[in-house]
Amino acid sequence: MQIHRRKSSRTIGAWLVGIAIAAGVVVCGASQASAEEETTRTGNRVFFRGGFAALNSSRGGELFTNVHGLAGGPSNDDSTGYYIGAGTDLMLTRDAWGLADKVGILGEIGMEYNRFSSQTVANSDTALTGAPFYKTQVTMLTIDVAPKIKFRQGTDFQPWLIPVGLDFHVISPPSNQTNYLDIGAQFGVGGEVRVWKELWLGVDGRYHLASGATNTVNNYGTVGAYVGIGF
């Protein structure tokens, strides 16, 4: 009788241990799934961009672009080129702070290099000393901080827009007055598609309106594609 009771106790104990292990596996699995889901739903991105860029007006005929054309040669007046850039999107709220379902508000911090013209032209002392011509590239570096409104949160296609963002520009060569720093605003629209897990492909178009603090017209637009990686 006592032996039978011991066997029953062992059987019950084994069942309890088995149930506890199974419950632990289920809880761990649910926690891991929840963690993975939460990671997927953060909305944070690191992105890499590139495409076509165009100035509103060229910088040909300036002192540092081709010495006002006084020494002859190309005018270095191309106004179209390319851009490459990178940045990050940081999710602030996935439902517009409770005002709109599936509407995310993000903060974008980005950097962009633009090259508009590149020709072998006279430099600033060619006309005076007969110095040789050199290749001079007309470029601009833009750093931006902008709010981004991204729609359809939780889906595989998410369009977005930038209502207005803040730009900081560095132009090269400097202007005729040797100024090279400018500020302005940017406006953008685009969309992205989830390709695999947190790998996204997107397209965007932007327009940059500069203040003209360099005494040059630095307004330009871009259109291109990007790759985003969620984290």
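Biologist: Hi! Which residue is the bridge partner of phenylalanine 52 in β8?

Modeller: Hello! Phenylalanine 52 has valine 223 as its bridge partner in β8. Keep in mind that this is a predicted model.

Biologist: Noted. In what sense do strand β1 and strand β8 pair, parallel or antiparallel?

Modeller: Antiparallel, over 11 bridges. Strand β1 covers residues 45-55, and strand β8 covers residues 220-230. Another pair you can look up is valine 46, whose bridge partner in β8 is isoleucine 229.

Biologist: What holds paired strands of a sheet together, in general?

Modeller: Backbone hydrogen bonds make the pairing, and it can be parallel or antiparallel.

Biologist: And over how many bridges do strand β7 and β8 pair?

Modeller: Over 10 bridges, in the antiparallel sense, with strand β7 spanning residues 199-210.

Biologist: OK, zooming out. What do the strands β1 to β8 form?

Modeller: They form a closed barrel of 8 strands, in the order β1-β2-β3-β4-β5-β6-β7-β8, with antiparallel pairing. From one strand to the next, the twist averages 25°.

Biologist: What share of the contacts joins residues at least 24 apart?

Modeller: 65%, counting contacts between residues at least 6 apart in sequence.

Biologist: Switching to burial: what percentage of the residues is buried?

Modeller: Buried residues account for 38% of the 231 in the protein.

Biologist: I've been looking at threonine 136. Which strand is that in?

Modeller: Threonine 136 is in strand β4, residues 134-150.

Biologist: Why does threonine 136 count as buried?

Modeller: Because its relative accessible area is 14%, and buried means under 20%.

Biologist: And what does threonine 136 touch?

Modeller: Leaving out residues up to four places away in sequence, threonine 136 touches Phe64, Thr65, Asn76, Ser117, Ser118, Gln119, Val121 and Pro173.

Biologist: Last topic, pockets. What volume does the largest pocket have?

Modeller: About 200 Å³. The lining has 14 residues, and those nearest the centre are Arg41, Arg94, Gln153, Gly154 and Gln158.

Biologist: How does that lining divide into nonpolar, polar and charged?

Modeller: The lining of the largest pocket has 8 charged, 5 polar and 1 nonpolar.

Biologist: Great, thanks!

Key. Residues are numbered from 1 along each chain as its sequence is written. This is a predicted model: local features need pLDDT of at least 70, side-chain atom pairs count only at pLDDT 80 or more; totals for chains, interfaces and linings use all residues. Side-chain values use heavy atoms; hydrogens and water are left out. On a 1 Å grid over the protein atoms alone, a cavity is a set of points where a 1.4 Å probe fits but cannot get out, and a pocket is an open set with protein on both sides within 12 Å along at least five of seven lines; lining residues have an atom within 4 Å of a point. Grid points are joined across faces, edges and corners, and a volume is the space filled by probe spheres set on the points. Ala, Val, Leu, Ile, Met, Phe, Trp, Tyr, Cys and Pro count as nonpolar, Asp, Glu, Lys and Arg as charged, and the others, Gly among them, as polar. Two strands pair if DSSP finds at least two bridges between them. Helices (H or I, at least four residues) and strands (E, at least two) are DSSP runs, numbered from the N terminus. Axes are lines fitted to C-alpha atoms, for helices over the stretch in contact, and angles run from 0 to 180 degrees between N-to-C directions. Buried means under 20% relative accessible area, exposed over 50%, partly exposed in between (1.4 Å probe, protein chains only). Contact means heavy atoms within 4.5 Å.
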